[in-house]
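Good morning. Please have the sequence and the model open, and I will go through the structure one part at a time.

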Amino acid sequence: MFNRGLWYREWRNMRWMLLGVAVLFFLGITLGLVSDAERWQSQKDYYESSDFIKQQKENPEFKTSDEEMKTSLTVAYLAIPMYTNFVQEEYVEYMPFMFYFQVEMFFTLIKVSVFILGVLAVIFERYTRANRFTASLPYKRTHIIGVKMIMGIATIALSYLVSIGIGLTYFFRHIPTEYIQLEMAKFWTDVVGGLFTYILIFLLAILIGLLIGSPIAAAVVAFGVMLLPNVLNPTLDNLYKYIWPQGGEAGMTNLLRFEDYVNIFSPFSFESASLGAVIFSGVLSVCMVLAILVLYKKQHIERNGYLFAFSWVKWPFLILFSLFIGMETANLAVADTELTLIGYLSWGIGATIASFILALYILNKMRGLFQMSKTN
């Protein structure tokens, strides 16, 4: 694994994408936090401006209180929870300062670039059939994929830590101490959880590339996986309302805390300050690394272009795809009509069965649906 020739080869193959990921982390996080610091200052200057003071005097009915102004300038969260169940009591009525770097275009592109980095490591290599040349090299397969993962994870971790370190240092140096009241447990959950999120996205791209042989199909599967929280979380919410209608706020809080385990592929999306989801992300990362090592070692080069790189992937894929469609259909149905639990489950089960049959028909009858794919 520590052969210089192997490392040089992988660096040559991935160098521009590695540098691109590092640049996007800087643009999305560091410059985003710099922009947030300037926005905080402009907001404070506005409160102290003569125009604002004049407006306060002329419209006493809509006057902004001193408490509201101070709270809006208070930095309490890196990512404010969406639900008040997890917001400190003093910030329930008035919202503290909100970071905007997480909704900027470059921040979104970080997630895309990290996934593309994983795509480049495996899927693109298969698409160009360069993996045939790779297989002929005098290196163990586990060493080859190990170097790919180490380079990718090291680039992601270093870029993330440096970017967020520089950005937060700049931000806190430009904010007066009295306005910094971080909820430290939530802060560290977001920071550490964000790092594992990007690592998981990178590993997920490699894993999908090893299981799905067609590049277009792999991209479709990856898109579906990224949408999973948007489907699974509403499903959990609906089932909770049907099964435990008297659960109250305490029950909803427990459910939302559980949903953090679903949001591990979305950076800075944890509601609670619990480290459970962060630990789960770390354990899942290790499991994915082990799975990747095994799959890369056992992959068959002659299956280049097949829809499924391993024949056994077909049935789990069909089942998971059908469940995804079934859950989404049931969620759409309950949003438009008043359904009982039986009606909700009927929509979900019916759509699952129908989508399973349709997908099976397409796989068996409609050849050439995906570029470079074969029905197996």
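Helices here are DSSP runs of at least four residues, strands are runs of at least two, and both are numbered from the N terminus. Read that way, the elements of the protein run α-α-α-α-α-α-α-α-α-α-α-α-α from the N terminus on. That comes to 13 helices and zero strands. Please keep in mind that this is a predicted model.

Next, the overall dimensions. The C-alpha trace spans about 75 × 60 × 35 Å along its principal axes. The protein has 376 residues, and 45% of them count as buried.

Helix H8 covers residues 184-211. With 28 residues, H8 reaches 40 Å from its first C-alpha to its last, which is close to the 40 Å expected at 1.5 Å a residue. How much of H8 is buried? The answer is 22 of its 28 residues, so H8 is mostly covered by the definition of buried as under 20% relative accessible area.

Now the pockets. Rolling a probe the size of a water molecule over the atoms shows where empty space is left.

The largest pocket has a volume of about 1,200 Å³. Its lining is made of 37 residues, and those nearest its centre are Val221, Val225, Phe317, Leu320 and Phe321. Five helices are listed as giving two or more residues to this lining: H8, H9 (215-243), H11 (276-298), H12 (314-336) and H13 (341-365). Which helix gives the most to the lining of the largest pocket? It is H9, with nine residues. As for the class of residue, the lining of the largest pocket has 36 nonpolar residues, one polar residue and no charged ones.

The second largest pocket holds about 610 Å³ of space. There are 25 residues in its lining, and Met82, Pro267, Phe268, Ser269 and Glu271 lie nearest its centre. The elements that give two or more residues here are helix H4 (105-121), H9 and helix H10 (248-259). By class, the lining of the second largest pocket divides into 16 nonpolar, five polar and four charged residues.

The structure holds 24 aromatic pairs. One of them joins Phe107 and Phe268, a tilted pair with 5.8 Å centre to centre and 35° between the planes. This pair links distant parts of the chain, since Phe107 is in helix H4 and Phe268 is in the loop between H10 and H11, 161 residues apart. Are these two residues buried or exposed? Both Phe107 and Phe268 are buried. They also belong to one aromatic cluster, together with Phe97, Phe99, Phe101, Phe171 and Phe172.

A second tilted pair is formed by Tyr240 and Trp244, at 6.2 Å centre to centre and 40° between the planes. Tyr240 counts as buried because its relative accessibility is 10%. Trp244 is exposed, because its relative accessible area is 54%.

There is also a charge over a ring to look at. Arg39 lies over the face of Tyr100, at 3.8 Å from the ring centre.

Start with Gly343, in helix H13. Why does Gly343 count as buried? Its relative accessibility is 18%, and buried means under 20%. Gly343 and Val231 are 112 residues apart in sequence and 18 Å apart in space, C-alpha to C-alpha.

Then go to Val283, in helix H11. Val283 is partly exposed, because its relative accessible area is 47%. From Val283 to Phe62 there are 221 residues in sequence and 51 Å in space, C-alpha to C-alpha.

Finish with Ile166, which is in helix H7 (residues 141-173). Ile166 counts as partly exposed, at 44% relative accessibility. How far is the C-alpha atom of Ile166 from that of Leu33? The two are separated by 8.9 Å, although they are 133 residues apart along the chain.

That is all I have for today.

Methods: Residues numbered from 1 in each chain as written. Predicted model: local features only at pLDDT ≥ 70, side-chain atom pairs only at ≥ 80, totals over all residues. Heavy atoms only, no water. 1 Å grid on protein atoms, 1.4 Å probe; cavity = no way out; pocket = protein on both sides within 12 Å on 5 of 7 lines; lining within 4 Å. Points joined across faces, edges and corners; volume = space filled by probe spheres on them. Nonpolar A, V, L, I, M, F, W, Y, C, P; charged D, E, K, R; others polar. Expected span 1.5 Å × (residues − 1). Buried < 20%, exposed > 50% of the residue type's maximum accessible area, 1.4 Å probe, protein only. Phe/Tyr/Trp six-rings, centres within 6.5 Å; stacked < 30°, edge-to-face > 60°. Lys NZ or Arg CZ within 6 Å of the ring centre and 35° of its normal.
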